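Biologist: I am new to this structure and would be grateful for a guided reading. May we proceed feature by feature?

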Amino acid sequence: MNKVKNTLFSNKPVTIDENSLIMGIESSCDETACAIVKGGREVIANVVASQIKIHEEYGGVIPEIAAREHLEAINVVIDEALKQAGVKGEDISAFAATVGPGLVGCLLVGMNAAKTLALVYDKPFIGVNHLNAHLAANFIDTELRPPFIALLVSGGHTQIIKVSSYSDMEIIGETIDDAVGEAYDKVARLIGLPYPGGPKLDKLAQEGNPHAFKLPEAKVGGYDFSFSGLKTAVLRLVKSFDGQDMPVKDICASFQECVSSTLLKKVKNALIETGYKQVVLAGGVAANSEIRKKIFNLQNEGYEVYAPIMKYCTDNASMVASSAFFFDNTFDDINIEVFSRVSNR
Ligand code: KG4
Ligand code: ZN
């Protein structure tokens, strides 16, 4: 795949192909990350500075603090990525950064760093959509090509996306209230687990009985989801124990069973309706053991299943560089701005 882009400064055409190195920068939430990826699939350097420890104290991400932390970390992660890759700034073909959706003050740090590098080295700047980037994590170290059905599950989003080609993606279903990751974090908090509760809840669930409690599956039409009713049901269940010998592992397992079977059902319907034979899992919650297991079981029904390895599921910059190569090739203007939310339906 050859793409020609113009640089920011002198408007010089730059060809981007399988041998090009793209630097990706991610700073949309609580991870400051920089990566260098060759041809969209081969990771040459991947550096992530996580702020989880800092936000743990507050039980969630505080945007102002996060933005300040990104400022502290950004130059460090960029230098480290260049060092890991053994290349210099002038060897990079294009500089990419997440421009949204995310926390505006945080996004500005990464985007301005990438724009500055693009100006300094006279190379193109590519603004990347964070959700596309999560999907693009599946191109790393694979031969994946569209068409495919994607299940994107993160702290902020739950979507089923029909990816017909690199330039044709349609969100066919999404949550009408809480995102899956958000539901995990809220339920984790209800049962007293520290932030971010998702991975901790997953761990406990693996030791519990998934059929101990029958929790309600929301009846939402089409490919849409709803998780707020489930969250309320868990709250009621927790309260019913009144702090006495609460079977935490069984509650976690029953919640996880309810969420994962709902997701599987809708993904399967989307595969049947489109006739697509490939399914990809993406986003931070793609690290979840039971969701992975259920989606990977689709292999037994003849589907090809992709999911990024753990470190490319949660926020990272390799997926940003990969998305800059495959999906986000329309943004390349110095005036492009960051955005906090997507509303594409
Ligand atoms: O994609 P991501 O890194 O950030 C967003 O863009 O939202 O996703 C973070 C979310 C958090 O809600 C976290 O609790 C959840 O992913 N998460 C998990 C697991 N690992 C991360 N949720 C359930 N099970 C996991 N193993
Ligand atoms: Zn994310």
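Modeller: A polar contact is a pair of N or O atoms within 3.5 Å; within protein, one must be able to donate a hydrogen and the other to accept it, and residues adjacent in sequence count only if both atoms are side-chain atoms. This is a predicted model, in which local features need pLDDT of at least 70 and side-chain atom pairs count only at pLDDT 80 or more, while totals for chains, interfaces and linings use all residues. Residues are numbered from 1 along each chain as its sequence is written, chains are lettered from A and ligands numbered from 1 in the order in which they are written, and side-chain values use heavy atoms, with hydrogens and water left out.

Biologist: With which side chain does the side chain of His134 make a polar contact?

Modeller: His134 is placed in helix H4, residues 130-136; helices (H or I, at least four residues) and strands (E, at least two) are DSSP runs, numbered from the N terminus. Its relative accessible area is 2%, so His134 is buried (buried means under 20% relative accessible area, exposed over 50%, partly exposed in between, with a 1.4 Å probe and protein chains only). Leaving aside residues up to four places away in sequence, His134 touches residues including Leu152, Gly284, Cys313 and Met319, where contact means heavy atoms within 4.5 Å. The polar contact, at 3.1 Å, is with the side chain of Asp315.

Biologist: Which residue caps the N-terminal end of helix H9?

Modeller: Helix H9 spans residues 289-296, and its buried residues are Glu290, Ile291, Arg292, Lys294 and Ile295. The cover over these buried residues includes helices H6 (197-205), H8 (248-274) and H10 (310-313), together with strands S8 (148-153), S11 (278-282) and S12 (304-306). At the N-terminal end of H9, a side-chain oxygen lies 3.1 Å from the backbone nitrogen of Glu290, and that oxygen belongs to Asn288.

Biologist: How much of the accessible area of ligand 1 does the protein cover?

Modeller: There are 18 residues around ligand 1, and those that come nearest are Gly155, Asp185, Asp202, Gly284 and Asn288; a residue is near if one of its heavy atoms lies within 4 Å. Oxygen atoms of the ligand lie 3.3 Å from an N or O atom in the side chain of His130 and 2.9 Å from a backbone N or O atom of Gly284. A nitrogen atom of ligand 1 is 3.0 Å from an N or O atom in the side chain of Asn288. Of the 550 Å² of accessible area that ligand 1 has on its own (Shrake-Rupley method, 1.4 Å probe), the protein covers 86%.

Biologist: How many residues apart in sequence are the parts that the pair of Tyr184 and Phe255 ties together?

Modeller: A search of the whole structure finds eleven aromatic pairs, where rings of Phe, Tyr and Trp (its six-membered ring) pair if their centres lie within 6.5 Å, and planes under 30 degrees apart count as stacked, over 60 as edge-to-face and the rest as tilted. Tyr184 and Phe255 form an edge-to-face pair, at 5.0 Å centre to centre and 75° between the planes. Tyr184 is buried at 3% relative accessibility, and Phe255 is buried at 1%. Tyr184 lies in helix H5 (residues 180-190) and Phe255 in H8, so the parts tied together are apart in sequence by 71 residues.

Biologist: Over the ring of which residue does the charged end of Lys266 sit?

Modeller: A charge sits over a ring if NZ of Lys or CZ of Arg is within 6 Å of the ring centre and within 35 degrees of the ring normal. Lys115 lies over the face of Phe125, at 5.9 Å from the ring centre. For Lys266, the distance is 5.8 Å from the centre of the ring of Phe225.

Biologist: How far apart in space are Val61 and Pro196, C-alpha to C-alpha?

Modeller: Val61 is found in the loop between helix H1 (52-56) and helix H2 (63-85), and it counts as partly exposed at 24% relative accessibility. Pro196 is placed in the loop between H5 and H6, and a cis peptide bond with omega of about -10° joins Tyr195 to it. The two residues are 135 residues apart in sequence, and their C-alpha distance is 9.5 Å.
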